[in-house]
Structures are given as structure tokens and as C-alpha cells.
Amino acid sequence: MSRLRLWLARLFGIFSGSRSDERLRSELDAHLEMLIDENVRRGMSPSEARQAARRSLGNTVRVGEEFREQRGLPWLETFFQDLRHGLRMLRHYPGFSLVAILTLALGIGANTAIFSVVNAVLLNPLPYHQADHLVIVQEKISKLSDQAIPLPAPDVITFQQQNNVFTAAAAFQNEDFDLTGAGRPERIHAARVSWTLFPVLGIQPLMGRTFTREEDDPGRQVAVLSYALWKQHFGGDPSIVGRTVSLDRKPYTVIGVMPESFVFPLEGLESYLDLTPAALWIPMSFTPEERKAFGDRFDYGFIARLKPGVMLARARADAGVIVAGIRRQYPASVRSEFSLTAAVTPLREAVVGKVQ
Amino acid sequence: MGTLDMLILQTLETLGSMHGYGIARRIEQVSGDLLELNHGTVYPALLRLEQKGWINSRWGASEKNRRARFYSLTAAGRRALAREAKDWRRMAAFIARVLEGAEGA
């Protein structure tokens, strides 16, 4: 406690300067007088008394220095003195100062920019298994724009069936629902996903399981919850698996819960789709209308895992072949109007693309 | 706590309220004039003790009606002195025992 008091006193002591010097001087003067008086009482002459008194008192200059050092924080005060001196010098040489300041500004700016990119790209891991093997597939219609766009449902199926480079692939699409039937009614962001999504991303559920093929095709009303939804809406209910919830008043059975670190979709995965991370996932389960919508409703994101040893270039070539086949299915009249290409992007790049 | 600090605290406990000169002279006397103290050195020590909150000070009049700054112990200072004195005595007893042992051997 006294240590704290000491340091606080010394911190404030930096500012009490001249008053404190005054005080010390009067005390030393008084002290000297009293010494002289005593010496005179002892029988010394006035001049002898004064000399002896000075000797007893000691080196007052030194006392003053020690006193000032004790009073404040000498290293801090020295620092401020150097700082003031430095600022004076800067004022005297404005040209030099300007150059120095600009150099510092450029250096700091560049450093900060580089760090943000490195931070986003390298230091923040993606929450999936071996995320460097994951790619996004999109199409480009040259006439429309340079921007890569999501796939139509028939093309999703074509890519899944015809590719030679993916261990598995999955489509995804965001959809909002009214969640009722347990707890407060809530509007949530959900995602329709192929049953292969969780195997592609390679993350095991925290509880329960993820979709089977039948639950996607032909389809069943089941749902996998995100950790956040499970905790916040369902209070972390340990018996959540097997319960029924209502999405837009249709019953869905909860079959699993994902771990806390799992997030899907991530921002950046698809420029045209609304991509808030989903609170729960349901099977994609394409409707007959969706399956027929060729060259229409470019609505579905597509994420795939490269086979081991397959390089991006080969995946691009493979996708090129597939998309050429798709293009040939367009009516001849339309085909001549545009060129259709595939864009295969590593997941990390697609996500980082959001870093301005 | 330094030796000088402790001597000052002890002096103030005995004398009550005293100015710098009085404290310095008293320390000299008590040490049997063995300690030829440079009187000026009490002032940084007094400042330190005040910063720690163990003593406080105010202006007053000396015997010759001279303006002088008088110092006195605070409650915290009294406690600090008691703690220190206990440690010193324990140390002294220990050393005495060691020496006895050495002499006996």
C-alpha cells in the first residue's frame, strides 16, 4: 500500500517543481541558521561557526539533486526533456521534419495494409478440415458481365456427376424461416445444402449426425442446428436431437448440432447471394421445377473438395470441359450469343476477396 | 526500509513532532556521535517517508521563532516502525544465537 502511495506521489511530484524547490531551500536555510546558532553557543566565532555549519550540512547541491530525484520520476522527466528538445529541433528544420514524417506515414501505412492482408489470409484459419483443398465453382456468361455467378440447379447436378477432380461437391442456398415450436418464435437465416456438404467440409457434428443421401434425394424434413442457435434459442438442451421444430409451420426433426467453431456459409463465398452464416441447415432436396430450370435461376453456390494430388489447373480444365458440354445444350440460336465458362476459385481466395 | 529511514521514524516516535535539524542532531546524539551524519541527507529521506504516507509535515515555529517545517509520524508510519523493529530484534537475536554457538564451539 505504501509502495502504491509512493509511486503515485512521485508521478504527481513531476509537476510540483518550483514550489517544492522553494520549500527545500527554506528548510535548508533554516537548518543552516540553527547549526550556526549552536556552533556560536559552543564558543565559535561567527565565521568559524558558519564554516563548521556548512560542513555539517554537507553538499547542498548534491542534496538538491537527490531531493529532486526522489520527488519525481527522473527517467520520465528526462524523457520529456528529450522530447521537448527533439520538437524544438524539428521546428528549426521544417524541410527535414516533413520528409521524416512522410516517410514514417508511408511506412506505417504500408505495414498496416500488409498486416491486414496477412492476417486475413494466413493467420485466420478457415473452420474446415484441410481448407486449402476446397474450391468454389461458378459460371461466367461473357455477354452479361465479367462477374462470376452461381450455378443453376441442373448444372449443379451435372458438375457433381461428370467431374473427375472432386472427392465430393455440394450446393448451398440461403433461405430464411420463421422458427416456432420451441422457445420464442424467431426469424432465422438458414441454408439448404446438399447432403455432401458436411463430408466436403470435413467437420463432425458435436451431437447427433448430418444428412444421409435419402434425406437430400428424394428428401426429408430434417435439420442440423448450429451451435449458436442450439445455445441461444434452445438453451443448450442436451436432448435436442430427435425433437421437432417448425420452419414456416412445417415440422422438421433435429438430427444433429454442429460444433461452436463451425460456420457456413462464410462471407465472400458467393457475390450475388445473401450470405449470412446459417443458424441451421436443411437438405437441398431440389424440387422438380428446380431440376428443370436449365439456363435459368443461377441461384446455387457450389463448393467442392479436390481429390488428393489434383492441382487447381487440372480442376479448371476439367470444369472447362464440363461447362462446354453444358453450353452445347443451349439452343443453337442462343449459343452463338454468348460464351459460357467456369470459374474455379480456391476457398481461401474467395473469402479473402472481401478484404478491400 | 533503509537504516536512515528507520532512525528517522524512531526519532519521531520518541520526540513527537520535530524539524529536520532536530532530527539530524538527535540521530547524531543517539549514535553516540559515532555517526557523523551529513545533515542534508535527511531531507531526501524525509521526502521519501512522506511520499509513502508514514510521516506528514507542516510549517511551524522553531525555538528561536524561526519558520521551520515540522514532521510527525502517521498511524501507518507507527505500524511500519513496529514491524521493522520486530524484524530487527529477531535478526539481532538470531545473530546473537549464532555467535554464541560459534563461541561455544
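**Figure 1. Polar contacts between chain A and chain B in the predicted model.** Between chain A and chain B, 14 residue pairs are in polar contact, with both partners at pLDDT 80 or more. On chain A, the side that touches chain B draws at least two residues from each of four helices: H1 (2-13), H2 (17-41), H3 (46-57) and H4 (60-71). The largest share of this side comes from H2(A), which supplies 12 residues. By residue class, the side of chain A that touches chain B comprises 11 charged, 10 nonpolar and 6 polar residues.

**Figure 2. Extent of the interface of chain A and chain B.** The size of an interface is often expressed as the accessible area that is lost when the parts come together. Here chain A and chain B bury about 2,400 Å² between them, and 57% of this area lies on carbon and sulfur atoms. Within chain A, the residues that lose the most area to chain B are A:Arg23, A:His31 and A:Met34, which together account for 26% of what that side buries. The contact involves 27 residues from chain A and 27 residues from chain B.

**Figure 3. Salt bridges across the interface of chain A and chain B.** The interface holds 4 salt bridges. A salt bridge joins A:Glu33 to B:Arg66, with the closest N and O atoms 3.9 Å apart. This pair counts as a salt bridge because its distance falls within the 4 Å cut-off.

**Figure 4. A salt bridge within chain A, between A:Asp21 and A:Arg68.** Over all chains, the whole structure contains 21 salt bridges. In the pair formed by A:Asp21 and A:Arg68, the closest N and O atoms are 3.3 Å apart. The pair links distant parts of the chain, since A:Asp21 belongs to helix H2 of chain A and A:Arg68 to helix H4 of chain A, 47 residues apart.

**Figure 5. The largest cavity and its lining, with residues from chain A and chain B.** From chain A, the lining includes A:Glu27, A:Ala30, A:His31 and A:Met34. From chain B come B:His19, B:Gly20, B:Tyr21, B:Tyr43, B:Ala68 and B:Arg69. Two or more lining residues are given by each of H2 of chain A, helix H2 (20-30) of chain B and strand E3 (67-73) of chain B. H2(A) gives the most, with 4 residues. The lining divides into 5 nonpolar, 3 polar and 2 charged residues.

Conventions. Residues are numbered from 1 along each chain as its sequence is written. Chains are lettered from A and ligands numbered from 1 in the order in which they are written. This is a predicted model: local features need pLDDT of at least 70, side-chain atom pairs count only at pLDDT 80 or more; totals for chains, interfaces and linings use all residues. Side-chain values use heavy atoms; hydrogens and water are left out. Contact means heavy atoms within 4.5 Å. Buried area is the accessible area (1.4 Å probe) that two parts lose on being put together, summed over both. A salt bridge is a side-chain nitrogen of Lys or Arg within 4 Å of a carboxyl oxygen of Asp or Glu. A polar contact is a pair of N or O atoms within 3.5 Å; within protein, one must be able to donate a hydrogen and the other to accept it, and residues adjacent in sequence count only if both atoms are side-chain atoms. Ala, Val, Leu, Ile, Met, Phe, Trp, Tyr, Cys and Pro count as nonpolar, Asp, Glu, Lys and Arg as charged, and the others, Gly among them, as polar. On a 1 Å grid over the protein atoms alone, a cavity is a set of points where a 1.4 Å probe fits but cannot get out, and a pocket is an open set with protein on both sides within 12 Å along at least five of seven lines; lining residues have an atom within 4 Å of a point.
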